[in-house]
Amino acid sequence: MTSSLAPVLYLPHGGGPLPLLGDPHHQALTQFFAQLGDKLATPAAILVISAHWESPQPALTAAENPSLLFDYSGFPAQSYQLSYPAPGHPQLAAQIAEKLQQAGFAAELNPGRGWDHGVFVPLLLLRPQADIPVLQLSLLKGLDAKAHIALGEAISFLRAQNVLIIGSGMSFHNMQAFFNANLVSDSQLEAFNQYFIDSLQPQYSYAEQAQRLINWQQAPDARLMHPREEHLLPLHVCFGAAKGSTAQVLFNDKVLQKAVLAFGW
């Protein structure tokens, strides 16, 4: 993350609004976000690919002032009164949609969509000033790993425009295992995580790294770690967007008592 291009970050967003509520099982994550936010240079805009929005084709938020989607339930009242009053950026959304269309995606603009918690939770910790324009880009409903790498490659031009690209998910996402420690052992999760750490090492070419990400189900206990892979695929988008850069492990610590990763390029 030392080049003149804007960074690309794959980040864990934690459990619902818990990172914002002082939850002790998110302490390492909130400290990481605070430190990372202090290190990041000010971008011209922020584009977030969240695990919590899927559409048949890539869709982009296009409102001038998007609302927040409190897409969680059962949390304290304060978690439904959060605010992140950053502006949207309809002009940039239109530019991105055009680039995606040139890359073969039938991209669309969605002026009615707000930002889900995969967007506003990490941004409240990374950039609490809410002073940078923010866009959200959807995942693709088919959850095809190769297509998400291609999606990332199509938005890679944004780095040269000082747009910070954030993939917001969780490298481990088995909801039952967060609440039942016996379902997934620390050693199983360590082996799974190591597959991705190894896959992004510079000993592999970009094409080899891509193939390992496309074949992510070959990682140890892959389907146990991700019964459904929507929280992993923002990593694939980030990987494509960062083509030509070397990944660094930024975070390898426990969230909700399970080790999760963050990568930066």
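Proline 90 lies in helix H2. The helices here (H or I, at least four residues) and the strands (E, at least two) are DSSP runs, numbered from the N terminus. This is a predicted model, so local features need pLDDT of at least 70 and side-chain atom pairs count only at pLDDT 80 or more, while totals for chains, interfaces and linings use all residues. Residues are numbered from 1 along each chain as its sequence is written, and side-chain values use heavy atoms, with hydrogens and water left out.

Back to proline 90: is it buried or exposed? Proline 90 turns out to be buried, because its relative accessible area is 17%; buried means under 20% relative accessible area, exposed over 50%, and partly exposed in between (1.4 Å probe, protein chains only). Leaving aside residues up to four places away in sequence, proline 90 touches Ala62, Ala63 and Glu64, where contact means heavy atoms within 4.5 Å. Alanine 207 is another matter: 117 residues along the chain from proline 90, its C-alpha atom is separated from that of proline 90 by 34 Å.

Glutamine 91 also lies in helix H2, which covers residues 90-102. Glutamine 91 counts as exposed because its relative accessibility is 53%. From glutamine 91 to alanine 63, the gap is 28 residues in sequence and 9.9 Å in space, C-alpha to C-alpha.

Zooming out, the protein has nine helices and eight strands. For 265 residues, a compact globule would have a radius of gyration near 18 Å, and the 17 Å of the protein agrees with that. This radius is taken over C-alpha atoms, and the globule rule is 2.2 Å times the number of residues to the power 0.38. Along the principal axes, the C-alpha atoms fill a box of roughly 50 × 45 × 35 Å. Among contacts with a separation of 6 or more, 78% link residues 24 or more positions apart.

What about the inside? Of the 265 residues, 55% are buried. The largest nonpolar core has 89 residues, and Tyr84, Ile96, Leu100, Ile155, Phe196, Phe263 and Trp265 touch the most other members. Helix H3 gives the most to this core, with seven residues. A nonpolar core is a set of buried Ala, Val, Leu, Ile, Met, Phe, Trp, Tyr and Cys residues joined through side-chain atoms within 4.5 Å. Helix H9 (residues 233-241) is mostly covered, with nine of its nine residues buried; among them are Leu233, Pro234, His236 and Phe239.

The 13 positive and 19 negative charges have mean positions 3 Å apart.

Two loop residues deserve a look. Alanine 130 sits in the loop between helix H3 (117-126) and strand E5 (134-140). Although alanine 130 is not a glycine, its phi is positive, at about 55 degrees. Alanine 130 counts as buried because its relative accessibility is 9%. Leucine 143 is found in the loop between E5 and helix H4 (145-154). Leucine 143 is not a glycine either, yet it has a positive phi of about 55 degrees. With a relative accessible area of 11%, leucine 143 is buried.

Notes:
Lys, Arg positive; Asp, Glu negative; His and termini not counted. Charge placed at Lys NZ, Arg CZ, Asp CG, Glu CD.
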